[in-house]
Structure formats: C-alpha cells, structure tokens
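Dear colleague,

I am handing over the structure below, and my notes on its aromatic residues follow it.

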Amino acid sequence: MPRPSVFVTRLLPGGAIEFLKHHAAVRVWREEEPPLAEELVQQAARSDAILSLLTDRIDANLLSNSPRLAIVSNMATGFDNVDIGAASANNVLVTRTPGVLSETTAEFTIALLFATSRRIVEGDRSVRNGQWKTWGPNVLLGVDLAGATLGIIGMGGVGEAVARRGRALGMRVKYYSRTRKRDLEKELRISYSSFTSLLERADFVSLHAPLTAETKHLIGKAELDLMKPSAVLINTARGPLVNQSALYTALSRQRIAAAAIDVSDPEPMPPDDPLLTLPNVIVTPHIASASTATRSRMAMLAAENLVQALQGKLPKHTVNRNIARQWRERVRGRFTSS
Ligand code: GLV
C-alpha cells in the first residue's frame, strides 16, 4: 500500500515532523512565510492530508480541487481559516488543537493586562526617547489590578485560565459566554453577566471568543461607547472580533483608556496602520501561544490528530464530527491494510 502523502505548511518546533515521517510521505513548506494561495491549492491537490496553520486559507476552492484530500489538521485552537461547510461537503475531516495552549495564552493575556495597567511599553519608549528626566510623583501613573473588575468574553479553555489568574491577582471577575458555567462560577467565585452589563462595568475587557459569522465585529462603536472611559480592551483571540477603525476612533478620542491587541485585521498589521500612531495601544504579532513548549505541544497534537485520522480513527479534537460516518466510509482501507 503506498504511503499516504502529507503536506505540512511550515517547519514546526519539536518532534512533530519526525513523528509524521514514521507514518507518511511528508513534504514540508520550509519558507518563513506561508505558501501563496495557488501554491497551497497545488500542494493540497497532491495530498491525502494537510497539517495547516492559522495563516493558511483552507477555502471552498482548495477543498473542491483536492479530490485526494481527506484530512485537514489545523495547528490552532481556532479554525476560522478553514471553511468547515465546504470541508464537510467534500467529506474532509478537520481537526484542531484545543487545551494545550490555554495556560500559555492566558499568561500572555495577563502580561498585556500588566503592560497596559502599568504602562510598561510607554515607560520603555520614554526612556529610549530621552524623556526620563527625573523620578516624578506624577510620572506614568497607572492603575492597580487588585480590586479592579476583569470582564471576560468567552469562557472556553483560555477564558477559564485567564479567570483563574485574574482571581489570583485579587481581581473581581465577570464573564459573558454562550454557555453558562455554574460550577466554575462557584469554584472561582466569578459571576456571569450580560454582554452589555459586562462592557459597562469592567475595568479590563478581555476577548476569548472564537471568530464566527456571529462574533465578527462583536466590539464596534456601540460596544466601545458602553465601556468606561478608564477601561482597557485586550484581544488575544482573533482580530476581526473588533472593528478596528471604531477602536482607533475610541482610543484617539480617549473614549476608552487603552487597548492591547495580539491579533489584528488584517494580519500582519501594516506598519502604517493608524493604530500604531497612538501612545495608548500595544500591538504584538499574534504571539500569545508562542512559548517553545506550547508551540511544540500544539505541533505534536496536530500531528497526532492527523496520524489518528490516517489510521481511520476519529480524533478527539475533530471539528466536523457530523460527517464521521461518511468520512469513515471514504477512507476505509485507503491508508491502512485493516
Ligand atoms: C491561536 O491563535 C490559536 O487559535 O491556536
């Protein structure tokens, strides 16, 4: 039986690629930047499985032009880069890597909370610009996290890990989420809130919702107008959750105090984006899950999901489980001799 053909869209940390090589014929895109759309379509057309990243658009065009393709293993907890409807229509299984990045992403979120509340980036910039003239009782005053209200939107793995840290720092934590988690409310002493009341009351609003058609521009002018003038917006989830031009207007008019965003729309953020002219915004290049250990774990989980699927098994982290039966039919006996 010929070895299954797998395309990996970038060099990955840790042992994931070596692991895949035990199970398949593997081609790896070795450039720093992702393959262009046409290249990706061509590679997908030659593959039984792809290990993709959030920078790869797995769209209807690619899926309908890849008759061999049976598995897309996305190395991310989010999967908004994959057209799930088109994948299911083409009987392609899609998997993701939740859980393994929650703690690391939450640590980074808290780093952004500190960076904004204590004006760390502004402070560093003022030293570099020669503006540090003296210790001053009124210089770069910030706000304390202890006693402040943290409003978390989206209570999945990352939202929960942020809530735990917020509580450990002495913050009051409110959350809004599609699913209410009463046990967690009791355990962490956090409270459920309506979306509107969370925006009105939080000192820090932190986004942890997936990007879907419903959550696109979840935060726009109306929502920013509800926030306190002293409030800070943190986004380590997905750029399009926020209407970026509304954010620019709110920050430049000091309708809210500050923002820290690890994700933007588009990515990468062009260096001439107006947001980058403002002192009260911190922008980082989508690195919330970027620790060596976590990225290696994400890569290995993506590789494991892919190999399980090659063995005809339904991985735990399958997104479109609804096609399991047809998909099993499709791959039966194709990659394994069983
Ligand atoms: C990162 O942004 C992820 O979704 O894993």
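Tyr-192 counts as partly exposed, at 28% relative accessibility, where buried means under 20% relative accessible area, exposed over 50% and partly exposed in between, with a 1.4 Å probe and protein chains only. Please note that this is a predicted model, in which local features need pLDDT of at least 70 and side-chain atom pairs count only at pLDDT 80 or more, while totals for chains, interfaces and linings use all residues. Residues are numbered from 1 along each chain as its sequence is written, and side-chain values use heavy atoms, with hydrogens and water left out.

The structure holds 3 aromatic pairs, a pair being rings of Phe, Tyr and Trp (its six-membered ring) with centres within 6.5 Å, called stacked if the planes are under 30 degrees apart, edge-to-face if over 60 and tilted for the rest. The rings of Tyr-176 and Tyr-192 have centres 6.2 Å apart and planes at 35°, so this pair is tilted. Because Tyr-176 lies in strand β7 (residues 172–176) and Tyr-192 in strand β8 (residues 191–192), the pair ties together parts 16 residues apart in sequence; strands (E, at least two residues) and helices (H or I, at least four) are DSSP runs, numbered from the N terminus.

Tyr-176, itself partly exposed at 29% relative accessible area, also forms a tilted pair with Phe-195, at 5.4 Å centre to centre and 45° between the planes.

Best wishes
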